[in-house]
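Here's a quick tour for someone meeting this protein for the first time. Take a look at the model, then read on.

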Amino acid sequence: VSVSPDRSTTTPANDQHDTPALGWGLNAALRRSAERWSWELGTDARFADGEVREDFRYLGGTYTRSRRAGGAASVAGLYAEGAWRPRGDWLFAGGVRADHWATTDGLRIERDAAAGGVTLKEHPEDRSGVVLSGRLGVRREFGGGFAWRGAAYSGFRPPTLNELHRPFRVGADITESNPALEPERLYGLETGLQGGDDDGRLALTLFWNRIEDPVANVTIGVGPGLFPRAGFVPAGGVLRERRNAGRIDAIGLEVSLERRITDTLQWRLAGDYTAARVDGGTDAPQLTGLRPAQAPVWTVVAGADWAVAPPVTLSVTLRWEGPRFEDDLNSRVLSASATLDLRAEWRVAPHAAVYVAAANLFDANLEVSETAGGTEGLGPPRTLRAGLRLTY
């Protein structure tokens, strides 16, 4: 449904009545290890196909359009990795991969619900490619629980079937799919120190990441107006399309600290700072110099665990995220948020425990989205759970 600006009423916007889909995969590996080295050779593959069948464009008390959209996607690769610990306090590890990705059988067909006539028909060409990636890491132990580590790595993510084939609407904002999307590529470097013992641990990590061809929802039009594929965008709404938006560079610092106060009580603190900027390139030059959407600069998590009695443990976690931008143009700001989670666990047997937990205990309003008209989308409210946990 779409929500009115004062949140007092809703209007049907979409009826996703069927989503047939199938996903499956496999992995096979050969491993060998000795006292100072180990290696693994393997192959893995993942396959998915599915489509959405939905009614949309609600006018005059009924849906006036229907849509089928979907396709198939696969990733299959070969890999080799290994680790070597020479005499001394050094450890070296690395790996390489070659992956073949493919998107096939894509379709998007939209019809007029009353007359049955086709209003949009797309059968994108099948596409595929090969991506090479790898990683290399090193660790040096200094004794006393302290160590230094460094790593360089690369990876990739192919676009999802939704990103390739299914548009969606939130309020007056419309986001179009894009069957021509290329896989995202990640390159990274990091270095860090860690140390401590059972009474306390400290870890520091400095990282640099670059994502090339990141898939982003890029603003390409403002309503009111008619646009190809999307149709009519109402006043106050924007039209976005999923695009490979140049690149994103991010540098940041992660810190975590744990400390045992008594035999039954310990606290923990973790935080990260990330400075990130977009270079939109030729596909999204309007994004150059802006911050990626939905990426806070600061995140802090604090908590404590208290073994009240041998079978009972209480845990509390406070999470705070700083403000962030909702959209690619950095025009809508989502407020900072804080949540408190509680959990109590009682071990009733050596391998069994029951628990009760409360997430977002104070029912804070967590802004996760905002439309052009100012209507906010909120994250999960207070949630209570109870369960049984088994360990072996």
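What follows covers the overall build and then the cavities.

## Ground rules

This is a predicted model, where local features need pLDDT of at least 70 and side-chain atom pairs count only at pLDDT 80 or more, while totals for chains, interfaces and linings use all residues. Residues are numbered from 1 along each chain as its sequence is written, and side-chain values use heavy atoms, with hydrogens and water left out.

## Overall build

You'll find 1 helix and 29 strands here, taken as DSSP runs numbered from the N terminus (helices are H or I, at least four residues; strands are E, at least two). Along the principal axes, the C-alpha atoms fill a box of roughly 75 × 50 × 45 Å. Of the 392 residues, 33% are buried (under 20% relative accessible area, 1.4 Å probe, protein chains only).

## The largest cavity

A cavity is a set of points on a 1 Å grid over the protein atoms alone where a 1.4 Å probe fits but cannot get out, and lining residues have an atom within 4 Å of a point. The structure has 2 cavities of 30 Å³ or more, volume being the space filled by probe spheres set on the points.

The largest holds about 50 Å³. Its lining includes Thr 103, Asp 126 and His 165, and strand S7 (residues 90-112) gives the most, with 3 residues.

## The second largest cavity

This one has a volume of about 30 Å³. Among its lining residues are Leu 107, Ser 177 and Arg 229. S7 and helix H1 (161-165) each supply at least two lining residues.

Conventions:
On a 1 Å grid over the protein atoms alone, a cavity is a set of points where a 1.4 Å probe fits but cannot get out, and a pocket is an open set with protein on both sides within 12 Å along at least five of seven lines; lining residues have an atom within 4 Å of a point. Buried means under 20% relative accessible area, exposed over 50%, partly exposed in between (1.4 Å probe, protein chains only).
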